[in-house]
Every structure is written in structure tokens, then in C-alpha cells.
Amino acid sequence: RIPKRRMLDSEKSLALEFIINECQNNLYTDDEVYNYLSKTRKLTDDTIKKFHLGSFPKNLKNIVNNVDTEILKQLKIAWVSSFDGNGICKFREHYRFITPIYDTYGSPLGIMGRFLGTEVERELLGIHKYDNSDYPKHTTLFGLNLAKNNIRNKDKALVVEGVLDVIKCHQHGIGNVVATAGAFIKLEHLAQLARYTSNIYLGFDNDEAGTKAITRALSLKRPGINLLEKRVPAKFKDIDEFLDHKYSK
């Protein structure tokens, strides 16, 4: 039996660049996703473009014609028959709002999709609010490629949970923010941030999961790192909600 060939990093990067570009181009033909970003989440077009936000195409044809189906499978984006271009794609089916994930140097690592239906619909489907392609989540900080110079200049970093928290911060001029994409932080994340600052503030959500995550995170404190809690007032769920309130006045 011939073993399956593992894709090269360069192949992965090129495939993701193509898919991200397709999602960007598709956004302005997808009223539901675009209205969610511009009206519900109050993001400007400049912010949408800055973070390369997009909508996953309902038709896989152009992606399948340009990206090898085995690479799509290894990325855990789509499981496609090479004969007819059809197949299973979790992003097309349930997670059409796409946020690209980049490494520290701006090379694409993966994509993250968000479900836009109601909580009732999500629970009936039995799916998570977010899902992503295959990328090393425990060593990746969303937004670090854009934040690293701000972190170095300000000599402090704010770590939050959600990618939309980071995006909203940038829209309001707060550029030294990164996200773990979940209520957790790893030693690998702290090691990355320590290259730019020794002052790391934890701004996880004001809920039970966020509180537990901060307690666990503070136990990771190492010599030379100032690890501190800095959350928004308790009446707000997260920094995204706090900024919406602050700038709606």
C-alpha cells in the first residue's frame, strides 16, 4: 500500500491563500454574511479588508479546480470526490463566515468559520459556534502578525478569547491585542509573547469559562513574565461588547 503524501508547507500556504481570496471575493455577493459583519458586528469595510474576512462559497467548483482535493482533505476543509467536485464541506454547510488565521510572519495557517444561526438552531444541529481547518491552535495567537510591533512599542500585550475581540480592538485603535481563540492559554503562547514584552494581561470573557481560564493561566507564571488579569467591567461579556457600548455614545 502506497502511503498518502503529506503536503508541503508551501503547498498548504498557496492553497490557503487561494481559498482566503475566494472567500474575500465571495463576501460581497453574500448579503447574510456581509450584513452580519457590517450591521450586527459594526465592522467597517477597512477592518473587513484588513483581516481578510470572507464568506465561504456555496459552490466548491472553483476551489476544487484550483486546489488538489487531497490538500483540502489534509487541511480538513473539504472531503471531495475528484470526479464530480461535490462532497462534504463543513464551512459551506454551517460556517460560512470565514476568518483567516496567520502565523507571526503573516503566512496563512488555516481558516476559522462561525455559525450565524440562532442558538436554538445550533443546538438542534448539534454543532459548535466555531470550527476551523487544521492548524496548530496551541501554538498560534490570532492577530500576532499585526500586533507584534504594537506590543513591542507599548511593552504590553492583552490576550483575549475571541478573534472578533481582536478585530474590534483594531478598529478602535487598540493594536496590541491577540486572541487564543478559546478560553485557555498555553506556555507556548506565553513564550511567543515574551519575545516582544514581559507584561502580559489576560482579558478573557466575563463568564465561568473565562474566570477558570484566568485562574489556570496565572498558574503558568514564570520568572521574568508579569502575568496579570485585566478584564472589562462585569456588566459586559467581553471587550467586543464593551467597545460597542463605549463608541455607541
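**Starting from T47**

Tutor: Leaving aside residues up to four places away in sequence, T47 touches I167 and Q171, where contact means heavy atoms within 4.5 Å. Before we go on, this is a predicted model, in which local features need pLDDT of at least 70 and side-chain atom pairs count only at pLDDT 80 or more, while totals for chains, interfaces and linings use all residues. Residues are numbered from 1 along each chain as its sequence is written, and side-chain values use heavy atoms, with hydrogens and water left out.

Student: Thanks! Which helix is T47 in?

Tutor: T47 sits in helix 3, residues 45-50. Helices (H or I, at least four residues) and strands (E, at least two) are DSSP runs, numbered from the N terminus.

Student: Is T47 buried or exposed?

Tutor: T47 counts as buried because its relative accessibility is 6%. The cut-offs are under 20% relative accessible area for buried, over 50% for exposed, and partly exposed in between, using a 1.4 Å probe and protein chains only.

Student: And what does the side chain of T47 make a polar contact with?

Tutor: With the side chain of Q171, at 2.8 Å. A polar contact is a pair of N or O atoms within 3.5 Å; within protein, one must be able to donate a hydrogen and the other to accept it, and residues adjacent in sequence count only if both atoms are side-chain atoms.

Student: New topic: how many salt bridges does a search of the whole structure find?

Tutor: Twelve. A salt bridge here is a side-chain nitrogen of Lys or Arg within 4 Å of a carboxyl oxygen of Asp or Glu.

Student: How about K212 and E208, what do their side chains form?

Tutor: They meet in a salt bridge, 3.1 Å from N to O.

Student: Why are they separated by about one helical turn?

Tutor: Because K212 and E208 are four residues apart in helix 11, residues 208-218.

Student: Is E208 buried or exposed?

Tutor: E208 counts as exposed, at 57% relative accessibility. K212 is partly exposed, with a relative accessible area of 45%.
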